[in-house]
Amino acid sequence: MAREECKALLDALNRTTARHHQLALTVGGSADSRALRRELRRTRREAQELAAAARARLTAPLRDRGLGGEERAELERLWAAFSGCLDLLEADMRRALALGSAFPLQAPRRPLVRTGVAGGPGGPGGSARSLRRLAERDGDGDGDADGDDLRELEREVLQLSDMIHDMEMKVNVPRWTVQARQTAGAELLSAASSAGPASVQERSGPCDPSKALAAAVFSAVLLAAVALAVCVAKLS
Amino acid sequence: MAGGRAGAQLPHLSKMERVVVSMQDPDQGVKMRSQRLLITVIPHTVAGGDIAEWLIQKYCLSEEEALHLGTLLVQHGYLYPLRDPRSLVLRPDDTPYRFQTPYFWTSTLGPATELDYAIYLAKKNIRKQGALVGHEKEHYDQLHRKMNHAWDLVVVQAREQLRAAKQRRKGDRLVIACQERTYWLVNRPPPGIPSVLEQGPERSSCAAAGRAQLVRTPPADPLLPNVPLTAPCAPTPRPLLSPLASPTCCPGCKPRARSSTGRRWSAAGRRWPGPGSSPPSASRRECAGGPSPDPPSGASPPPCPGPALAPGTPPPRYLNFSSQRGPHDPFLSGCLPSNPWVTDDDTYWTVNAPSVAVPTKLRVERWGFSFQELLGDPVGRAHFLAFLGTEFSAENLSFWEACEELRYGGQAQVPALVDSVYQQFLAPGAARWVNVDSRTMESTLAGLRRPHRYVLDDAQLHIYMLMKKDSYPRFLKSAAYRDLLAVAVVPAEARRRAFPFLRKPPHPSPSPTLLPASTSAEPVTAASDPACGDRGT
């Protein structure tokens, strides 16, 4: 159904925006490198494609005045979330542009800020991307890669803001009429299942639940082995 | 949309960033250590003592100054302490600190948006399994009410960002979490800690004039619901100095007087304001008292007013303005010879007419207050032109006048005017060639290919500044000006009549119902007594 498709597209867009945000966090810091910028560019392009697809999907039914009631409310909700996501993406892209031009990699005007973050193959995107990245590194073009990248980014930022403006003009969804479905504690409900064991911990906690679990299992097995040995000794 | 608005780029931030960047130099920067946490080792830690030492060495400061500078860096979020994240001070011992990533620098992001804060709180909610406490819980509820329409996005983004973060290495995850936490500690400080990113009403686009009014209004009601998200003009307008504010400076405050006068200079230079320096204007009062976008925390002390200014007193700029202009104000110091509205004697107006042969003494004194005053007065401008003629730089003023005409003239005359100005003043062998520096000249000539009314702005500004800095002070010291002062007339005060009713009756102004003299006596009776008007007809 169209709505499911839209939702899927929107989820994918949100995921890509979040990944882009994570990458943009490290621009200018110690994890900044050509690979990071390339990854940023790839994520950005992906996000833009998803955005264009989602926009095409959502605009048509919303402009159709025949649609009414529940369907329309649902689509408006999706639309509000979609344009909010695009705003976040645009803001992140602008910041990445500002930071990228302030901390150029090719002819570094100033040293990168040593923030303690070391990027690398463990970065967001997982191992599959890192393999691809290694393969690409051989074909790293020289010349003014920085300048080209920034000019492209600037163009994309302008394109995105044009798209947002266009969206606002074509479809009229006043924000105050949209009622979000999620309530105040909604992120806890499904997050409780997924975010449990691998949640980011505060520095003060010395013990790790996974490590504690492993230690408990190990000691149980050890005790069982000791009990068995004692029994064997007793019996023999 | 986040990202710097013009008013949010404060100059002290870029200076601090330069300091931080110079600390990163691999040879001459600060010594870095590593932090060891059980198994993970995170590099790029600095000790507070090392930072203080580096600052002392690099900038030749005393220890106290270095500590103060370091504390400022920590308070603005460029450095953060690792052990006790809430206490934002630089301790000159082994306390470990780390640098903040440039993404979270205040100048990159601009003022923090509500949406970002909502996402951060949602993430924290997930991490803490719903156990947000204190002011964060309040903020969360408030944001949920305010931003209900975007709550879907907030929840989804929070989850996705946590998921994206999980794919990093453990050390990186910890560092990024600390960075984010520091950023929000600086931008949404817990109650009781003054926010260093306070801009105060005088920093915003609304003039400082409103500030004198704000002193008396009481602080905003903390129980006010539904405060709108963005204020109409000021980026972060704050409730106001309460009468109980302590006059001592809080450590994070910066001297405001200097930058505000700096801004006034630039406003005067760029925008040719109305007569004189910026007078307090009533229209700006309503802007600066706008509602605060942050949830008002009643317990936080109000922002520091600057170097030891007692609450309720106007800033020194206003005192200077008032004392300088007091004698010139007709309400405060009376007008000579007499107030025409009272005595019906319009000598005052004839003596102060725009073009009069001999100006009054007060008027000539006013030319000494500011260059804008001099240029605004036709008599003053004429005398200044004569003076420039003796100095062989009269073409400057003529050029300036021609540019003004271009700016404010009709659209149809623009090309012709631009052409004539070019021929007269800017062409290489022109009769009255003005001396503009090469860069401005190049950009002007480039712009002349497509003339519009603002092409000559740069050149006009350059010449204006030249006149203001160079010729104007010389004019004030010149013999011509002193002669003018000596010759200026001081009209004598009109003799006060002892009995006001003995004054000759004021001229009856022609009644609007009076028809011209060709029609006869009827209108006179009609004017005098409407009740018996029918008698006349």
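**Notebook: rings, a sheet and a buried arginine**

I started at B:W349, which is partly exposed at a relative accessible area of 43%. The model is a predicted one, and I kept that in mind throughout.

Next I looked up the ring partner. B:W349 pairs with B:W341. B:W341 has a relative accessible area of 72%. That is over the 50% cut-off, so B:W341 counts as exposed.

I then counted aromatic pairs. Over all chains, the structure holds 20 of them. In chain B, ring pairs also link up into a cluster. I listed its members: B:F371, B:F384, B:F387, B:W400, B:Y464, B:Y472, B:F475 and B:Y481.

**Chain B as a whole**

I noted the secondary structure first. Chain B has 26 helices and four strands. Its length is 537 residues, and 44% of these count as buried. I then checked the contacts in chain B with a separation of 6 or more. Residues 24 or more positions apart make up 66% of them. For the accessible surface of chain B I got about 28,600 Å². Carbon and sulfur atoms hold 58% of that area.

**The sheet in chain B**

Which order do the strands take? In chain B the order is β1-β2-β4-β3, in an open sheet with antiparallel pairing. β1 (33–37) and β3 (79–81) of chain B are at the edges. Each has a single partner strand, so one side of each lacks a neighbour in the sheet.

β3(B) pairs with β4 (residues 96–99) of chain B in the antiparallel sense, over three bridges. One residue I looked up there was B:L79, whose bridge partner in β4(B) is B:F99.

**Chain A**

I moved to A:R38. This residue sits in helix α2 (residues 34–63) of chain A. Is A:R38 buried or exposed? Its relative accessibility is 11%. The cut-off for buried is under 20%, so A:R38 counts as buried. I then looked along the chain to A:D149, 111 residues apart from A:R38. Their C-alpha atoms are separated by 8.8 Å.

Last, I checked an annotation. An unreviewed UniProt entry places a "transmembrane region" at residues 212–233 of chain A. In the model, that span is 100% helix and 0% strand. Its end C-alpha atoms lie 31 Å apart.

Note on methods. Residues are numbered from 1 along each chain as its sequence is written. Chains are lettered from A and ligands numbered from 1 in the order in which they are written. This is a predicted model: local features need pLDDT of at least 70, side-chain atom pairs count only at pLDDT 80 or more; totals for chains, interfaces and linings use all residues. Side-chain values use heavy atoms; hydrogens and water are left out. Helices (H or I, at least four residues) and strands (E, at least two) are DSSP runs, numbered from the N terminus. Buried means under 20% relative accessible area, exposed over 50%, partly exposed in between (1.4 Å probe, protein chains only). Contact means heavy atoms within 4.5 Å. Accessible areas come from the Shrake-Rupley method with a 1.4 Å probe; for residues, only the protein chains shown count as cover. Two strands pair if DSSP finds at least two bridges between them. UniProt positions are given in the numbering used here, feature names are shortened, and annotations may be inferred rather than shown by experiment. Rings of Phe, Tyr and Trp (its six-membered ring) pair if their centres lie within 6.5 Å; planes under 30 degrees apart count as stacked, over 60 as edge-to-face and the rest as tilted.
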